[in-house]
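Here is a short report on one chain of a model and its contact with a neighbouring chain. Please keep the structure open while reading.

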Amino acid sequence: MAKLNLLLLAVLVACALGLVTSQHKARKLFSNLEREHARARELDVEYGRLQLEASTWALHARVERIAKGALGMRPADARRTRLAGRDASR
Amino acid sequence: MSAAAQGLVRLPVWRARFVLAVLALAFGVLGARSVYLQALKTDFLQGKGDARYSRVIEVPATRGRILDRNGDALAVSTPVQSIWAIPSDVELSREQRRKLAALLGMEPADLSRKLADAASRDFLYLKRQVPPETAHNIATLAVPGVYQHPEYRRYYPGGEVTAHVLGFTGVDDRGQEGVELAHEATLAGKPGSRRVIKDRLGHIVEDVESIRAAQDGVDLQLSIDGKLQSLAYGALKGAVEASRARAGGIVAIDVRSGEILALANVPSFNPNNRAKVTGAQVRNRVITDLFEPGSTLKPFTIALALESGRFAASTRIATAPGTLAIGGYTIRDVHPAASLSLAQVVQKSSNVGAAKIALALPREAMWDLFRRVGFGTAPALGFPGAAAGKLHPYRSWKPVEQATMAYGHGISLSLVQLARAYTLFARDGELVPLSLVKTGAVAGGEKVISTETARAVRAMLELAVQPGGTAPRARISGWRVAGKTGTAHKQENGGYAADRYIASFVGFAPASDPRLVIAVMIDEPGAGHYYGGTVAAPVFAQVMQGALRLMGVPHDAPLDPVLMPDEADEAREST
């Protein structure tokens, strides 16, 4: 009888310790999850900022200004254009 | 040794019993107390316990982005900080006060006054929506009583180019105008909340329950093409400035899908900084403003004549002597001619011709056509403030009204309605439903006139942009163009202003297989020129040329340079 009781006591202690560890683990994992969620949000915000930046750099007016000014480009003149292909008009 | 000293001292029995009773009572009290706490007061106590460590926190939802048809961002919300203070807690050294005021962009004296004025309040916004760097600098000052909380702010990289289509949001990130308002429900998202357990340091250690899941706003992809939009805005702005006009509008519609590829207004505003914006700048004229279209309506009269079977494209109308008097009102032509064919009525933009044709047709049929091409009904764009236009019921029409309506007076509509109506000629008689949201699919149209009629009118519209027509300046190299000018007197105090006009041009290309309808309107052009053919048509040509190249539309004409016509080659018009 006493042996059984001792055994049960040991099992109980083990279970109690297990509960504590698993709760600790759960909390740790949860706080990791929280951190990752926060990171996901941050990255999303960053993505938005980068999109903004990309749109600002790629503004049509700016591209045109640089193409004309810094690169000396100009729209193709009809006189200097040759069409190639199936339904080329000349 | 006495017996008392030798033997055990016998205590009275009652003392043991007394102790037992006291102990039993103590247990009883404990038991009752535990029953009381566990069974009766449990809710209250648990609530108190939760209040110590469990918290309900808001989960913010971000507003959806607005993208153009190629996926480029047109509007993005990004978090910024708002600076607030508890005025009575604020302690500023002289140095801190100077630095804080500089960061907030105000005078140190103003800052002190602002804090003093609000001394009795618990909450005062010092400045809302400051950029992250400024917020960081304010945080490093570590002024007691000054706090920050995150808010969202909307940025529009396109600035004034896309201002009217997108509209803007208020300081609380809610839509107030344009697409931002029209699609508020899907863009906004719903903030959620959840209950968590926090530890002593404020870290969340356990998620108890999610009360409401946060729903982020859905991204919205518009039909607008960023490049084409920018091209259209640039060309329109240039033309409005060059002709010293009051305002202008342009809209480009994809013929196949009914998508609006570009929609711009001048004057515009910068949605990122609306401090000095006036109502006139914010108005989206293309959609919300009505104007009398003038001659751009003639092709519809001609289409109706062809549909009636009583006229053919070659039928000649006697237009001598270039005037027509009805009901005390005289209709005039700028170029009087003895007689004109139906095609020439469009080409030369003859008011007398159009009026005579209209008077030969039943007014009910004319009203029915106008109604079916969407005049008098607001286009189903879901855009706030879309104007329906004015189309009076035909029973009230007098002959003079029917005659003037034939060339676009006595009826008013918005530019977007006019552009949509022209899809009739571009799509072989079908009217296409418009969309501001990307569909990417061919839209089913509603058949309004026969294919033959539509093609016949299209051929006439092609003549109108040839030398001898009203708009040779609308031609472009490499593609055949068709279109019609309008030069309408502005309405003023119930009459027409003699020297104030609205110049317009509506057209499409390539004429062999139309892909794009573009409508341009210039309000009160000054600087000497006011004809639709000289003011509005060049804008059309510039945007159409760029658009067809961007869209990779095959050429249907030789790539010869377009020779600009002499003044003599260009027909004038008075509506």
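In what order do the three strands of the open sheet in chain B stand? The order is β1-β6-β7, and the pairing is antiparallel. The edges are taken by β1 (54–59) and β7 (204–212) of chain B; each has a single partner strand, so one side of each lacks a neighbour in the sheet. From one strand to the next, the twist averages 30 degrees. Strand β6 (residues 192–198) of chain B pairs with β7(B) over six bridges, in the antiparallel sense.

**The chain as a whole**

This is a predicted model. Chain B holds 21 helices and 19 strands. Its C-alpha atoms fill a box of roughly 165 × 55 × 50 Å along the principal axes. The radius of gyration of chain B is 37 Å, whereas a compact globule of 575 residues would have one near 25 Å. Of the 575 residues in chain B, 43% are buried. Among contacts in chain B between residues at least 6 apart in sequence, 72% join residues at least 24 apart.

**The five-stranded sheet**

A second open sheet of chain B has five strands in the order β10-β9-β19-β18-β17, with antiparallel pairing. Here β10 (260–266) and β17 of chain B stand at the edges, each with a single partner strand, so one side of each is left without a neighbour in the sheet. Neighbouring strands are turned by 10 degrees against each other on average, direction ignored. β17(B) and strand β18 (residues 495–509) of chain B share ten bridges in the antiparallel sense. Within that pairing, B:Gly486 has B:Ser504 in β18(B) as its bridge partner.

| Helix | Strands touched (chain B) | Angle between directions |
|---|---|---|
| α10(B) | β9 (247–254), β10, β19 (516–523) | about 30 degrees with β10(B) |
| α18(B) | β9, β18, β19 | about 145 degrees with β19(B) |

**Helix α19**

Does the length of α19 of chain B agree with its residue count, or disagree? At 1.5 Å a residue, the 14 residues of this helix (residues 451–464) should span 20 Å, and its end C-alpha atoms are 20 Å apart, which agrees. Several of its residues are buried, including B:Ala456, B:Val457, B:Met460 and B:Leu461. B:Glu462 is also buried. The cover over the buried residues of α19(B) includes α13 (298–308), α14 (342–348), α18 (415–426) and β17 (482–492) of chain B.

**An exposed aspartate**

B:Asp560 sits in the segment after α21 (537–551) of chain B. Is B:Asp560 buried or exposed? B:Asp560 counts as exposed because it has 12 C-beta neighbours inside 10 Å. Its C-alpha atom is separated by 9.9 Å from that of B:Trp479, 81 residues apart along the chain.

Terms used: Residues numbered from 1 in each chain as written. Chains lettered and ligands numbered in written order. Predicted model: local features only at pLDDT ≥ 70, side-chain atom pairs only at ≥ 80, totals over all residues. Helix = DSSP H or I, 4+ residues; strand = E, 2+ residues; numbered from the N terminus. Expected span 1.5 Å × (residues − 1). Buried ≥ 20, exposed ≤ 12 C-beta atoms within 10 Å, placed from the backbone. Contact = placed C-beta atoms within 7 Å. Pairing = 2+ DSSP bridges. Axes fitted to C-alpha atoms, helices over the stretch in contact; angles between N-to-C directions. Rg over C-alpha atoms; globule rule 2.2 N^0.38 Å.
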